[in-house]
Amino acid sequence: MMACAVGVITAIGCQTHRNFSETIANDTSSIDTIMQMVDAGAPAITFPDVSATPLTVRSIEDFATLQYRDMSLQETIHTALQHSQVMRDLGATILRAPQTVVTDQTKPLAELDPQTSIESALAAYDAQFYALGKWQNNDRRFNNRFFGGGANAFKQDTHDYVFQLSKRTATGAEFAVRNVIDYDANNATGNLTDSAWQSQIHAEMRQPLMQGGGLQFNRIAGPAAQPGIYAGVLIAKVNDDITSAKFRQGARDYISNVINAYWDLYFAYRDLDAKRDALERSRETWQNYEAQKSSNRKAGASEAFAREQYFRFQSELQDAVAGKLIQRTQVNNSTSGGTFAGQGGVLASERRLRLLIGLPLSDDALIRPNDEPLHAPMTFDWNSISIEAIRLRSELQQQRLLVKRREMEALAAKNFLMPTLDLVTIYRVRGLDQGLAGDNSAFKQLGTLDYQEYEASLELKLPVGFRQGYLAVRHAKSQLAREHAVLEEQERQILHDLAAVVGESDRAFTQMETNLNRYLAARDALQILDVNRAEGLPVNLEQLLDAQRRVTEAQSRYFLSMVEYTVAAKNVQFEKGTLLQTANLFLVDETTSPILLAEPLGDSSGTPADAS
């Protein structure tokens, strides 16, 4: 019997841990290797590929020779998903607070947590095997024969073995079946035989009748719970759902940042076009007045004014190419989805987009967007989009789940207002004989069922005053009230933000039309002045230079308002919780790792499905 038990234990141990050298032989080579690196300051073992030199521009001519890689927004999102182990942002969160970054391991980590996951909660109901072996030798003298079993010298060898299989149930009960074997060989004069084996089979049940009992409490709090600490299966399920909602939120923010960076880069190219055209116009004007200066001294001031404007546009063009290290459009920048910043700078914007979608930070070809912003007017059904926002926003889903968790905790807390009253029953069968197995053995007598026993008891434990129980109930109710209040304010905030981006969408569309008319008017005025100058008619220089500036500003402002309108439309989807669907993305929730998949269902620029 003992050999079989040892064999079972050995087999189980071999399946769970094979490296006996680390436990029995105290082999510390693995940890020593790690600590050697720690003591050395944890130096880098591998290095990323840094062979490509970052693109910088010292002259406009260098920029003109670069190659381009045209990408649609859908292709950009696909590329981002292929390299999205980490949900990146533009705020360097990966360096400032890496523990808060959402990755593709966020949900698996929650599902595999040995303390708070669903599997961890279910593990409390796993069957438990327990075994004990104890051997003892006694050799002593007694002054009184009575204490020595009829002799002054007492010698004894004992063996004790216990094998138990126990299991908890969903009602809080604990069932156990155990085999108790003991061997006793001694020189007591009253013994029937010099040695004897005894075997017992116990069947035991402990059922909590008040505190700790019942399906509801155990599914919420788990067995052996304490006031304020609830780790049952239902709580673990809610926590898992909250983690899934957080992952969806992280994925939504990431896709929003990718879309923002795409349109940032689009505007950077269009702003560069406007600045390049302005530079060419100012160059022509300067050269014209420079030629006049050589033949007419009165034109000296005019040449200087034209030259100043040329270098002004050259400075703006240089910034439009390189960009500045200032904040760009990103999530939670003025609005939840990010308010379009419109700062320009092709190289800076392109680097940010590469960072987000996981491409090398430098390449032979610059990414260039080939999708166009929205132009069509949109009208939103407020009742429809507000209901969608309340129903679909990830933040509200998380808070509603938290409210349900608090409601369950309040139910479980009431259980601690009851005393502990346990019913314990034990049924025993005994066998005793000279041998353990075979004829005249304890096992054979055990099988006859001649010696049976039964025991029942009630155990009561009553904390006078139930101080901790009342604290648990009041604390759970206070938490529930707080989460309800937070949920109401979150709903108000989301409706406010949704109204704000709907208003921003209308404003941006109106501005787009206005700025188009402004640009056309400024262009017509400049064309008239250029025609007059070409025909030899007198043209006021200050008026000409001002017209050139107006055309450039109006052109940039028109492109700016177009992108503002596109980003605002995207933000409506963000606020009402449908951005991933609009971008043709859906979440595949796998046990090992949730992933985002994309379907090529058309344009994902942010056009709302419910807009007309």
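Mentor: Ile 31, Ile 34, Met 35 and Val 38 form a nonpolar surface patch with about 340 Å² of accessible area together, areas here coming from the Shrake-Rupley method with a 1.4 Å probe and only the protein chains shown counting as cover for residues. A patch takes residues with over 30% relative accessible area and no salt bridge, joining like charges within 9 Å and nonpolar side chains (Val, Leu, Ile, Met, Phe, Trp, Tyr) within 5 Å; a salt bridge is a side-chain nitrogen of Lys or Arg within 4 Å of a carboxyl oxygen of Asp or Glu. This is a predicted model, in which local features need pLDDT of at least 70 and side-chain atom pairs count only at pLDDT 80 or more, while totals for chains, interfaces and linings use all residues. Residues are numbered from 1 along each chain as its sequence is written, and side-chain values use heavy atoms, with hydrogens and water left out.

Met 35 lies in helix α3, residues 29–39, helices being DSSP runs of H or I with at least four residues and strands runs of E with at least two, numbered from the N terminus. Met 35 counts as partly exposed because its relative accessibility is 36%, where buried means under 20%, exposed over 50%, and partly exposed in between (1.4 Å probe, protein chains only). Helix α5 (residues 73–82), by contrast, is mostly covered, with 7 of its 10 residues buried, among them Leu 73, Ile 77 and Leu 81.

Elsewhere, 6 strands form an open antiparallel sheet in the order β2-β3-β4-β5-β7-β8, two strands pairing if DSSP finds at least two bridges between them. Within it, β3 (residues 153–168) and β4 (residues 174–186) pair over 13 bridges, and Ser 166 has Ala 176 in β4 as its bridge partner.
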